[in-house]
Amino acid sequence: MVRNALAGERRGLMFVLSSPSGAGKSTLSRMLIEKTPGLRMSVSVTTRAKRPGEAEGDHYYFIDKARFDQMVRAGELLEHAPVFDNHYGTPRHAVEKALSAGEDVLFDIDWQGTQQLREKARADVVSVFILPPSAQDLEKRLHTRAQDSDAVIRGRMDRAAHELSHWAEYDYVVLNNDLDQAFSEVETILRAERLKRERQTGLSAFVRGLQDQLEK
């Protein structure tokens, strides 16, 4: 459990990073996981095939479409969506277990997944939208990654305009003009949200104890 010196115990939170492809959410997610104690990455289920170098349970849980549909019907997924002819979703049980233990769970998902999380567990969700400094910079980053063809990059650029239209639905917005600065801002948001009164599950008992001491 992630402990706070003031209250002793707290409930974890779901920390969501979203952005158009290439704006930096995956890089920021990796930096957060590497540098933030008590934060774990949400591991999704997916119907797509495993890629070279991917490990079951580390990158994804790889399942077939029939099992995916069964999980949807049974309410076992907090959020789910089709992406480029495949399906992705977040298993409910592992996330709820982590939150109850005072651990935070990081999500690298789009606006649709964020909406679903908010509908199911609004009090536990903190959402951050990452903005690129310009359309030209976004396209440059996509080409620099050298992961996609020109046709795929054009598709991602077309999709970016729609994704950007949802920025106002997020709790926070961070401009990724400088990676270190953007990381500092995202980290500050997480640290502040961890200290919110309603997440300090041991706070009431702590304060009552202080009152009892003062009244003696």
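**View 1. Contacts of Val-186 in the predicted model.** Leaving aside neighbours within four places in sequence, Val-186 is in contact (heavy atoms within 4.5 Å) with Phe-15, Leu-17, Leu-28, Leu-32, Val-128, Ile-130 and Val-174. The model is a predicted one, in which local features need pLDDT of at least 70 and side-chain atom pairs count only at pLDDT 80 or more, while totals for chains, interfaces and linings use all residues. Residues are numbered from 1 along each chain as its sequence is written, and side-chain values use heavy atoms, with hydrogens and water left out.

**View 2. The largest nonpolar core.** Such a core is a set of buried Ala, Val, Leu, Ile, Met, Phe, Trp, Tyr and Cys residues joined through side-chain atoms within 4.5 Å, where buried means under 20% relative accessible area with a 1.4 Å probe, protein chains only. Among its 17 residues, Phe-15, Leu-17, Leu-32, Val-128 and Val-186 touch the most other members. Helix 7 supplies the largest share, five residues.

**View 3. Pro-20 in its loop.** Pro-20, in the loop between strand 1 and helix 1, is buried with a relative accessible area of 0%. Beyond residues up to four places away in sequence, Pro-20 touches Phe-129, Ile-130, Leu-138, Ala-160, Glu-163 and Leu-164.

Definitions and conventions
Buried < 20%, exposed > 50% of the residue type's maximum accessible area, 1.4 Å probe, protein only. Helix = DSSP H or I, 4+ residues; strand = E, 2+ residues; numbered from the N terminus.
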